[in-house]
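I am opening my notebook to record what I looked up in this structure, one topic at a time.

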Amino acid sequence: MPETFYDVMRRQGITRRSFLKYCSLAAGALGLSPAFAPKIAHAMETKPRIPVLWLHGLECTCCSESFIRSAHPLAKDVILSMISLDYDDTIMAAAGDQAEAIIEETIEKYDGNFILAVEGNAPLDEDGMYCIIAGKPFVEQLRHVAEHAKAIISWGSCASWGCVQAARPNPTRATPTHKVPGMPNKPIIKVPGCPPISEVMTAVITYMLTFEKMPELDNQGRPKMFYSQRIHDKCYRRGHFDAGQFVEKFDDEGARKGYCLYKVGCKGPTTYNACSTIRWNGGLSFPIQAGHPCIGCSEDGFWDKGSFYERLTDIKGFGIDADADEIGKTAAMVVGGAAAIHAGASIIKRIANKGDQA
Amino acid sequence: MGIIETPNGFTLDDTGKRVVVDPVTRIEGHMRCEVNLDESNMITNAVSTGTMWRGLEVILKDRDPRDAWAFVQRICGVCTGTHALTSVRAVEDALNIDIPENANSIRNIMQLSLQVHDHLVHFYHLHALDWVNPVNALKADPRATSELQQKVSPSHPNSSPGYFRDVQTRIRKFIESGQLGPFKNGYWSNPAYLLPPEADLMAVTHYLEALDFQKEIMTVRTIFGGKDTHPNWLVGGVPCAIGMNTAGAPINMERLNYVKNITQRAIDFCKNVYMPDILAIGGFYKGWLYGGGLSSTNVLAYGDIPDRANDYSAGNLMMPQGAIINGKLDEVHPVDVRDPDEIQEFVPHSWYKYPDGAKGLHPWDGVTEANYELGPNLIGTKTNIQRIDEGGKYSWIKAPRWKGNAMEVGPLARYIIGYAQGHEYFTDQIDSALRTLDVPLPALFSTLGRTAARGMEAVWAAEQQMYFLDKLIANIKNGDSSTANSEKFDPSTWPTEVKGVGFTEAPRGALGHWIKIKDTKIENYQCVVPTTWNGSPRDAEGNIGAFEASLMNTKVEVAEEPVEILRTLHSFDPCLACSTHVMSPDGEELAEVKVR
């Protein structure tokens with residue numbers, strides 16, 4: 001008897017009663033009558049784990065490494081109990097022909113009913129032979145599997161945007177999933193970041209398993225749940241930004257007091273990600289908390305936007321640069337002048353809000 | 001080709017049955033391997049091909065040298081951080097920047113925690129399935145497994161029969177579901193698997209335990225670097241300021257306590273689970289001592305883990321530095337990464353071209369143009385390779401040589417060099433393991449020896465991590481909280497033209513980055529990485545590389561299920577994204593690379 005979704009819920013301490021209640025709620029949420037609840041329960045008690053084929057192109061494998069660091073759920077539980085990770089050349093036992101056979105078997109058995117997860121991306125130059133799988137270009141494998149998949153997850157900044165190998169001058173013409181010529185028209189969820197946060201990766205998967213649909217995506221294809229606010233919007237150091245208290249150089253007094261890193265290059269004001277809310281590695285920390293400016297690794301083309309240590313100056317409709325300096329000056333002149341600082345801060349807030357809507 | 005002798009002492013014969021493994025899985029990146037077998041299924045010729053190339057060094061040209069660590073860190077997300085560390089060292093060397101003692105301690109803690117994490121994940125999640133059969137674990141008696149566990153490692157708390165029964169039940173449900181996930185299509189009925197069911201169950205249980213625990217080890221880097229994978233680094237020190245008496249400092253007493261807790265647990269796990277498992281599994285396979293390759297003759301290490309900050313001389317490095325050639329353990333040669341005659345890279349069999357084809361080039365003067373060109377005896381087409389022609393160009397990996405010699409790098413190389421130098425800690429570990437397994441010293445030069453050295457090194461690294469944490473705390477206690485030297489952070493303070501080199505010992509072996517800076521921008525950036533050494537194709541003289549050498553003369557039980565090939569290749573922990581780079585010629589545009 002396969003371990004089903006119901007088994008997993010039971011093993012995680014959910015009672016039969018709660019499970020049935022969950023099924024009723026699910027029926028309601030799907031706009032179905034309560035009579036459907038037993039059918040949903042039956043489906044959840046018997047349905048097999050959804051197959052996932054996880055392909056690797058030009059990459060550094062940081063996404064896989066991030067994935068196995070997930071604290072909740074544990075990677076172990078995702079792999080053993082939630083999905084059926086049938087192909088993933090980083091961890092699969094099979095190799096060579098036996099590995100490649102799995103792709104065809106899965107397509108035959110689950111045509112249109114498996115998830116394609118893409119880590120890394122496909123180089124298009126040299127007929128694709130900058131990345132070779134089983135003697136052939138990776139891009140062929142990618143197109144072939146995509147043709148039969150239900151949906152595609154583009155893990156990380158490589159698959160979502162191109163990332164480091166696509167940085168200027170992009171010597172191999174490395175191309176993100178959605179821009180590969182000849183890709184079938186399948187729904188793509190982008191989960192950018194270099195890498196994405198571990199718990200964001202597992203949350204995207206468990207959302208799809210739990211709610212049986214794609215998470216809501218923004219106009220760039222990223223789950224709104226994690227990518228619709230800037231790191232700056234929720235940064236715990238935001239108060240220091242508003243108060244004009246900045247780290248001027250590394251290891252100065254401001255650095256030791258956890259002041260705002262904006263002047264040493266922080267890209268938090270232009271980076272959409274969940275680092276300042278969910279944080280990293282089970283909520284332990286995130287780059288700003290550990291004293292380094294955000295480098296904006298979840299943004300399209302972040303490698304080509306100038307030095308990581310140069311202050312942001314070209315934020316359209318945001319105007320932080322001038323205001324930050326103004327506020328800094330005000331704060332320095334009016335020591336203890338809380339009113340002045342607050343006035344400055346609220347100006348920033350208004351501008352920031354405007355930027356949000358832009 | 002027929003039968004030929006290589007200068008480094010191997011007899012290659014490509015007349016027998018050709019076996020292709022592509023993709024080689026459970027590695028980082030992409031790789032292909034082809035071998036020929038004689039009538040008795042003995043490997044008589046081995047060809048290893050790096051099958052990816054990204055061109056990161058080309059991308060680095062004209063960038064801000066202070067940013068380089070972030071780019072090169074993305075060479076590899078498995079040994080995450082080691083390229084970044086090598087990079088900041090190269091830039092600091094070029095610009096003559098000294099870092100504070102605390103920064104040195106923190107960098108060492110991060111680098112050592114990487115060794116522990118990487119070795120552990122490699123053994124359990126990339127390598128174990130070459131030795132351990134999860135299907136066979138279903139036949140185990142949980143009570144006997146419990147007894148085995150208590151015998152192998154009395155200090156490990158998870159050892160009750162009930163514990164093993166629970167895990168077995170979970171694995172049974174998983175396997176009986178028919179959805180085998182990562183275990184699908186493994187060679188589970190192959191006679192090369194030798195463990196009794198109880199040992200299989202114990203090892204599969206630890207596969208899962210280690211999967212849970214590995215995410216704890218790297219939190220050390222989340223504390224100091226803000227995230228992991230890919231923590232943050234800084235030219236001139238580390239970004240995490242220390243403030244014991246200010247609110248809001250990235251590093252305070254609570255953070256140090258967190259690191260201490262994890263470090264102690266890492267020591268316990270390596271000592272009570274990882275190393276005992278290697279010895280237990282090794283005990284069942286000690287008759288299988290294939291795979292030595294170059295390890296008994298030519299090994300190389302640059303050394304790493306400077307005890308005091310800013311001194312990279314061999315005497316101050318806690319990981320050994322040196323080269324052994326021709327198996328002369330009584331003569332460890334010094335290694336100079338700056339000497340143009342020592343480290344050179346060759347490309348006659350790599351998909352690159354040099355102006356002077358056969359000549360080797362030191363990384364500071366490296367020239368490369370990508371040149372994807374297949375040999376005349378290829379079977380297949382340019383985009384459908386069925387049998388590669390190793391007589392022509394056949395890999396995206398270059399062939400680095402030390403004074404003309406193909407070398408093996410990695411934990412085993414480090415341990416052999418340490419042993420030859422009489423390094424007390426390493427010598428004790430090696431002697432103790434040999435005693436436990438009741439095998440002589442030459443047993444070390446094998447696939448298993450490589451795997452065992454990695455485990456020993458994880459124990460060592462976890463303990464040194466604690467040493468540097470104590471050192472950090474002592475230094476703070478003495479009144480020094482400094483973590484970064486910003487004197488030369490501003491590019492306007494830099495000389496017009498400088499060059500530097502940084503080196504480390506990555507988990508997989510010797511790693512070097514060579515940089516030239518001109519007018520505050522990167523003029524040339526070059527990496528020679530561990531898998532470039534180990535995965536090297538043939539050179540102009542016909543010397544085969546470490547992967548290829550290690551596969552020679554190994555017997556394969558079932559040609560269609562070459563688990564022995566995987567075993568030996570995995571024992572190196574190959575990292576192909578690391579190994580396959582291009583180096584940009586000084587000031588020249590790349591002629592062959594199409595730029596969009």
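**Helix pairs in chain B**

I began with helix α10 (residues 411-420) of chain B and helix α11 (residues 424-437) of chain B, whose axes come within 8 Å and cross at roughly 110 degrees. That angle makes α10(B) roughly perpendicular to α11(B). I noted that angles under 35 degrees count as roughly parallel, over 145 as roughly antiparallel, 65 to 115 as roughly perpendicular and the rest as oblique. Axes are lines fitted to C-alpha atoms, for helices over the stretch in contact, and angles run from 0 to 180 degrees between N-to-C directions. Helices (H or I, at least four residues) and strands (E, at least two) are DSSP runs, numbered from the N terminus.

This is a predicted model, in which local features need pLDDT of at least 70 and side-chain atom pairs count only at pLDDT 80 or more, while totals for chains, interfaces and linings use all residues. Residues are numbered from 1 along each chain as its sequence is written, and chains are lettered from A and ligands numbered from 1 in the order in which they are written.

Which residues bring α10(B) and α11(B) together? I found B:Tyr415, B:Gly418 and B:Tyr419 in α10(B) meeting B:Phe426, B:Thr427 and B:Ile430 in α11(B), where a contact means C-beta atoms, placed from the backbone, within 7 Å. By class, this contact has 4 nonpolar, 2 polar and no charged residues; Ala, Val, Leu, Ile, Met, Phe, Trp, Tyr, Cys and Pro count as nonpolar, Asp, Glu, Lys and Arg as charged, and the others, Gly among them, as polar.

Next I looked at helix α12 (residues 447-477) of chain B, which packs with helix α15 (residues 563-571) of chain B at an angle of about 40 degrees, their axes being 8 Å apart. The two helices, α12(B) and α15(B), are therefore oblique to each other. B:Thr447, B:Arg450 and B:Thr451 of α12(B) make the contact with B:Arg567, B:Thr568 and B:Ser571 of α15(B), and by class it has no nonpolar, 4 polar and 2 charged residues.

**Chain B as a whole**

I then stepped back to chain B, which has 16 helices and 18 strands. Its radius of gyration is 24 Å, close to the 25 Å that the globule rule gives for 596 residues, so chain B is as compact as a globular protein of that length. The radius is taken over C-alpha atoms, and the rule is 2.2 Å times the number of residues to the power 0.38. Of the 596 residues of chain B, 61% count as buried, which requires 20 or more other C-beta atoms within 10 Å of a residue's own, whereas 12 or fewer make a residue exposed and values in between partly exposed.

**Where the chains touch**

I saw that 90 residues of chain B are in contact with 80 residues of chain A. Elements giving two or more residues to this side of chain B include β3 (17-21), α6 (161-176) and α7 (197-217). By class, the side has 39 nonpolar, 32 polar and 19 charged residues.

**One residue in chain A**

Finally I located A:Pro73 in the loop between α4 (62-67) and α5 (75-82) of chain A. Is A:Pro73 buried or partly exposed? With 18 C-beta neighbours inside 10 Å, A:Pro73 counts as partly exposed. A:Pro73 and A:Glu199 are 126 residues apart in sequence and 7.6 Å apart in space, C-alpha to C-alpha.

Technical notes:
Two residues are in contact if their C-beta atoms, placed from the backbone, lie within 7 Å.
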